Amino acid sequence: MEIILKEDIIGLGYKNEIVNVKNGYGRNYLIPTGKGIIASASAKKQLAEDMKQQAAKIAAAKAEAEKRAAQLEGVELVIPAKVSATGVTYGSVNANIVAEELQKKGIEIDRKIITMHDIKKVGTFEATVHFFKDVEVKLPITVVAEDEPKQPAEEEEATEEATAEAAPVEETAKEENATAEEEAPAEA
């Protein structure tokens, strides 16, 4: 079934594009929600006429998208995440988190135009930001451990040091108690 899209749908197509979809997807989702119309001969003629009239607007929108894409050139995100000892993150890094990190850098990007697989381990990955039909930017993302987990050997050393420091304090306390007990019967 041919459908003319009325808005951008990531993974399917862009506004005013004619796409082929399965009948059920078109009839049950795209048409009822107003995201597309059936691509009849009259609808195609109307689309062609609208495209001629909107050519200047489309060119301006593309120029704006290219300007926004230029902001992301050379930007690389380093996202700290809580990580287990095996390098697997607690939770995942997704488009929401990427949009928030970009916002911290002063770049406003809608999370809906960012596509990526959810990241569930430490490493370097890539997200794609779709600004316009032919304007996409690949954004490198590096996920690092927020706090490096302590090595078991370091934990043992820390425990031994704490025990060694506590032992003289305990011995001193025992000696003071023994002295106090010896003096107490003498006073009575």
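Thr124 counts as exposed because its relative accessibility is 59%, where exposed means over 50% relative accessible area, buried under 20% and partly exposed in between (1.4 Å probe, protein chains only). The model is predicted: local features need pLDDT of at least 70, side-chain atom pairs count only at pLDDT 80 or more, and totals for chains, interfaces and linings use all residues. Residues are numbered from 1 along each chain as its sequence is written, and side-chain values use heavy atoms, with hydrogens and water left out.

**Strand E8**

- Thr124 belongs to strand E8, which covers residues 123-132; strands (E, at least two residues) and helices (H or I, at least four) are DSSP runs numbered from the N terminus.
- In sequence Thr124 and Thr142 are 18 residues apart, while their C-alpha atoms are 4.3 Å apart in space.
- With neighbours within four places in sequence left aside, Thr124 is in contact with Ile141 and Thr142 (contact means heavy atoms within 4.5 Å).
- His130 is also found in strand E8, and His130 is buried, with a relative accessible area of 12%.
- The side chain of His130 makes a polar contact of 2.9 Å with the side chain of Thr115, and another polar contact of 2.9 Å joins the side chains of His130 and Glu136.
- A polar contact is a pair of N or O atoms within 3.5 Å; within protein, one must be able to donate a hydrogen and the other to accept it, and residues adjacent in sequence count only if both atoms are side-chain atoms.
- Beyond four places in sequence, the contacts of His130 are Ile10, Tyr14, Ile113, Thr115, Val135 and Glu136.

**Salt bridges**

- Side chains of opposite charge can pair when their charged atoms come close.
- A salt bridge is a side-chain nitrogen of Lys or Arg within 4 Å of a carboxyl oxygen of Asp or Glu, and the count by this rule is 6.
- One of them joins Glu2 and Lys44 at 2.9 Å, N to O; this pair links distant parts of the chain, with Glu2 in strand E1 (residues 2-5) and Lys44 in helix H2 (residues 41-53), 42 residues apart.
- Glu2 is partly exposed at 32% relative accessible area, and Lys44 is partly exposed at 34%.
- Glu7 and Lys35 form another salt bridge, with their closest N and O atoms 3.8 Å apart; Glu7 is in the loop between E1 and strand E2 (18-20), and Lys35 is in the loop between helix H1 (23-30) and strand E3 (36-38).
- Lys133 and Glu17 meet in a salt bridge of 3.6 Å, N to O; the two are 116 residues apart, with Lys133 in the loop between E8 and strand E9 (135-145) and Glu17 in the loop between E1 and E2.

**The largest pocket**

- The largest pocket has a volume of about 370 Å³.
- A pocket, on a 1 Å grid over the protein atoms alone, is an open set of points where a 1.4 Å probe fits, with protein on both sides within 12 Å along at least five of seven lines; lining residues have an atom within 4 Å of a point.
- Its lining holds 14 residues, of which Lys15, Asn16, Ile58, Phe132 and Lys133 lie nearest the centre of the pocket.
- Helix H3 (residues 55-71) gives the most to this lining, with 4 residues.
- The lining residues divide into 5 nonpolar, 2 polar and 7 charged; Ala, Val, Leu, Ile, Met, Phe, Trp, Tyr, Cys and Pro count as nonpolar, Asp, Glu, Lys and Arg as charged, and the others, Gly among them, as polar.

Definitions and conventions:
Grid points are joined across faces, edges and corners, and a volume is the space filled by probe spheres set on the points.
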